[in-house]
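The paragraphs below walk through a few features of one structure. Keep the sequence and the model in view while reading.

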Amino acid sequence: MEKENTSPFPVSKSENSSLGDNPAFPMEEKSGPPQVPGLLELIYNVLFHPARAMEIMAYAPPLKQSLIVFFGVAFFAMVTGLVTLSARMESLLSSSLVLPGSEAAMTSMTRFFLVFQPFLQYAFFFVVAGFYHLSGGLFGKKDGRAAMMLAVMGFVQLTSLPEILRQLLFYVLGLEGSFVDLLLTPLLSLAILIWGGYIIVQGLKTNYELDTVRAVIVLFLPFLLFFLMMVVFMIGMAAFLAPLGKAVSMSV
C-alpha cells in the first residue's frame, strides 16, 4: 500500500522512490581505473605479490619506473663488481683458472664488460620482451601490450639483488672462492632463476590470458630457439670445415 503524503510540500518521484525497500541515501557505485601505486609499493608487489602487480601493469605499464629499477639495479651490480673484482681475480689465480701473466688482461676485459653490461643486458631484455609479446599473442586468448612485457622484464631485474648483496657480503667477510661461496652461489642463482621465471609467467598469464602450462612454454621458447640455432650453427661450421680439413691433410 502506497504511503500517504502528509507533508504540505509535494513529494517528487525521485524522493518517493527512496522510500520503502530502497535506502534513503543510496551509495554511488565506484567506477574507474585502478589506482597505480608508487614505485616502492610497486616493487614490493612485484617481488611478493606478482599477480596483483601484473593486474596494475596490464592497465598502465610503468615503463619509466621499470627503467629506473633496471638501471638502478644494474648500476649497483656494476659498482659491486668493480669493488669485488680484485678479490675474485685472486681467487681465480689461486684456483689456477687463469694463466700466470694474464691477470692484467683479464682484469681489463672484466672491467670493460662490467661497465657496458647494463646496456647489453637491456638490449637483450628488449629483444626477449618482443619475442614474448609475439609468442604470447599466438598462444594466448587476447593480444596483450608489448609495453607491459618490457616493464615486466625491467622489474625482473630486482630478483638479482640477493646475488649482488651476496657478492658484497662475501667480499667484506673475505669468503670469495671459499667452500661456502662455491656451495651457496649455484643455489642462489637457481633460486633467482625460478623467482624471476615465476614473475614473468605471471606477467604472461595476465597480459595474454594464458594458462600456466602455455605461459611456461612461452617462457622457455626464446632460450630453446637460441639453443637450436647454436646447434645448427655448429653443425654448419663442422660441415664447412670438414672439406678444408681433408684438403689440408691431402696436401701434407
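**Salt bridges, a buried side chain and a surface patch**

Asp181 is buried, and Arg166 is buried too; buried means under 20% relative accessible area, exposed over 50%, and partly exposed in between (1.4 Å probe, protein chains only). A salt bridge joins Asp181 to Arg166, with the closest N and O atoms 2.9 Å apart. The term stands for a side-chain nitrogen of Lys or Arg within 4 Å of a carboxyl oxygen of Asp or Glu. This pair links distant parts of the chain, as Asp181 sits in helix α9 and Arg166 in helix α8, 15 residues apart. Helices (H or I, at least four residues) and strands (E, at least two) are DSSP runs, numbered from the N terminus.

The model is a predicted one, in which local features need pLDDT of at least 70 and side-chain atom pairs count only at pLDDT 80 or more, while totals for chains, interfaces and linings use all residues. Residues are numbered from 1 along each chain as its sequence is written, and side-chain values use heavy atoms, with hydrogens and water left out.

Arg166 has another partner: Glu163 forms a salt bridge with Arg166, and here the closest N and O atoms are 2.8 Å apart. Glu163 and Arg166 are separated by about one helical turn because they are three residues apart in helix α8 (residues 161-173). Both Glu163 and Arg166 are buried. The structure holds two salt bridges. Side chains of opposite charge can pair when their charged atoms come close.

Helix α9 (residues 179-208) also contains Asn207. Is Asn207 buried or exposed? Asn207 has a relative accessible area of 2%, so Asn207 is buried. Its side chain reaches the backbone oxygen of Arg145 at 2.9 Å. The Asn207 side chain also makes a polar contact with the side chain of Tyr208 (3.3 Å). A polar contact is a pair of N or O atoms within 3.5 Å; within protein, one must be able to donate a hydrogen and the other to accept it, and residues adjacent in sequence count only if both atoms are side-chain atoms.

On the surface, a nonpolar patch includes Leu67, Phe71 and Phe112 among its residues, with about 860 Å² of accessible area for the whole patch. Patches are made of residues with over 30% relative accessible area and no salt bridge, with like charges joined within 9 Å and nonpolar side chains (Val, Leu, Ile, Met, Phe, Trp, Tyr) within 5 Å. Accessible areas come from the Shrake-Rupley method with a 1.4 Å probe, and for residues only the protein chains shown count as cover. The largest share of the patch, six residues, comes from α6.
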